[in-house]
Amino acid sequence: MSNTDKTSIKSKTASIIRATDLPKPTRKTHKGLNISEDQLLELYKSMYLQRRFEERSMQMYQKGKFGGFLHLYIGQEAVSTGSDFALNEDDDFITAYRDHGHGLVKGITPNEAMAELFGKKDGCSKGKGGSMHYFKTEKHFWGGHAIVGAHLPLAAGIAFANKYKENDRVTICFFGDGAIDQGSLNESFNLAQLWKLPVIYVVENNGYSMGTAVQRHSAGNLADRAVPYGMKYDVVNGMDLFSVIDKVSEAAEQVRRTKEPYFLEVVTYRYRGHSMSDPANYRTKEELDEYKKIDPIERLKTYILDRDIATEKDLDAINEEVEETVLEAVEFADKSDFPDDEDLFRDVYADDDFPYLT
Amino acid sequence: MAQKQFREVIREALREEMERDETVFVMGEEVAEYNGAYKATQGLLDQFGDKRVLDTPISELGFAGLGVGAAMNGLRPIVEFMTFNFALVGVDQILNNAAKIRQMSGGQIKIPIVFRGPNGSAGQLGATHSTAFEAFYAHFPGLITIHPSDPYDAKGLLKAAIRDDNPVIFLESEQMYGMKQEVPDEEYLLPIGEAKVKREGADVTIVADGKLFHVAKQATEQLVKDGVDVELIDPRTIKPFDIKTVIKSVKKTNRCVVVNESHPFGGVAAEVGFQIQRDAFDYLDAPVLRVTTPDVPAPFSKKLFDLWLPGPKQVIDAVNTVTYRN
């Protein structure tokens, strides 16, 4: 797992953790993880929805339906999906700007999610947040944060409030490997461990901080960031849904019991560039192809078929249903209204009559 | 009524609000066991315990952000900065998270948090410990900025700030913690966003906030002796700024001097001056003048520092200019 082996870095093939070197996936079966066959199909559907949602978003972006930044999560769906499955509905999620997957698994509807991309009033943030700032707090989804690492202390605070109110909720905070290098990570880890806060910090190590390979931006192993704080930690295969479910469940159980934080390095991969404008010239096609061979959705599909849990036809039907849902979302977003002009001055302050400077 | 120090009324406001509302808690550097670097939080740990009064590490980014997260999730944190000069290492949490998350989420999230502590210069502390942040925080939509000049206003406004559902920057001063004033024993709150005419007069309006209000007050005493009938206004809240009270006054006096500790460029005095010329142009008998710290960081040397920080003389000079007595 070492990221310190500088000899492996070549100009264009800065070898991040290769697909072939990922942590071993769990050997547990769905039964071993207490996943019913129906749930298994739901998990498949959820992952496929996230992927198709984003593929359609990309098309809409390219068609000029909306502007701004668009960071796609494609390839990493097992992380959002597995984490959501492993946790309770009222556990709190917070993530960075690559947030469509996490938002969808927590209960932002495809309609609300697509409308937000389009900047429409029916979006999950009323069109005021956009792609990077999804929110749905009634479903315990706290955003959507676009300054790298800046939401890590927020997660500590959300967990602090849960502990203060003596409820049993766990907070899970996702961020990319780029955030590892921010001071906010160290300050948050210190406070979380010092004050024993019920939070799981998850670095989704997809190998690149924008275009800078992990070996070129971070000294040492990512998971080892937990060590100086005495925080429990583990490394997880993020291309395997079952491994994510297994490890997040274990972490959540410990966090709920001990009220102490936990750090997971989930090794994963994004298939697309950092954002829409990134052709990803910093990596090789071979590297990408290797990861695509262990695609989390294909992997689950194979598992389902191999065990006769469903037929190819059943899965095709699910795919079609998802396809329709996404197309409906596009239509919904397209037809939805833009915010009213008066909305410009709404939602900034708690007061409706705040005397803005004019 | 009893004479109370500024630090005592801060403490009373915190205590009363903590007694009233279980979700209010205090955190910051040295606020608990040390009883506060300036003793504003003295005795709170003993009364409320370490669940609600927390010593933080020297980690402003971390605990400012933790406070914002706690506020998002239903608590009412009061975050003490030992001085606002130290908040700069955590200011992203205030400007991007506390101020903007409500709007970015389409109003789903309220962030009822108070960041409080001393602001501005406090003698010869050098440049990094001497910045006045009124204009800086007031620049950002989503925040409320309060800058009281005396114990009575401080108590009523701090209580209002703690109950407010917006993030509030509450600016105090090291040099005012010992200041005494008659303060009622019974509970009172003051409205955020209302200026107070602290002396009525007919010849010239002086607008001055925070510590420099007292500089303006000294100048006023001298000017009154010299026969200038000064109207002295303390805005008390920087944002939202009660420009109506100022405009009403200027329409009467036709002359105005704005005194503020922030630097001049884009400062509070610049904004107030702009609004006066826009809303009371035809009433002015002289250009609006301002008295601020100069456009340089605070120097250490006493001689230079005294030159840097505005005193009554500069205010008197400015008033003499706008009244054409120079």
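Predicted model: local features only at pLDDT ≥ 70, side-chain atom pairs only at ≥ 80, totals over all residues.
Residues are numbered from 1 along each chain as its sequence is written, while chains are lettered from A and ligands numbered from 1 in the order in which they are written.

Because 13 of the 13 residues of α3(B) are buried, this helix is largely enclosed by the rest of the structure; buried means that 20 or more other C-beta atoms, placed from the backbone, lie within 10 Å of a residue's own. Just after α3(B), B:G74 adopts a positive phi of about 105 degrees.

Chain B as a whole contains 12 helices and 14 strands, defined as DSSP runs (H or I, at least four residues, for helices; E, at least two, for strands) numbered from the N terminus. Buried residues account for 57% of its 326 residues.

Chain B also touches chain A. The contact takes 36 residues from chain B and 35 residues from chain A, two residues being in contact if their C-beta atoms, placed from the backbone, lie within 7 Å. On the side of chain B that touches chain A, the elements giving two or more residues are α3, α4 (91-98) and α5 (101-104) of chain B. Of these, α3(B) gives the most, with 10 residues.

How values were computed. Buried ≥ 20, exposed ≤ 12 C-beta atoms within 10 Å, placed from the backbone.
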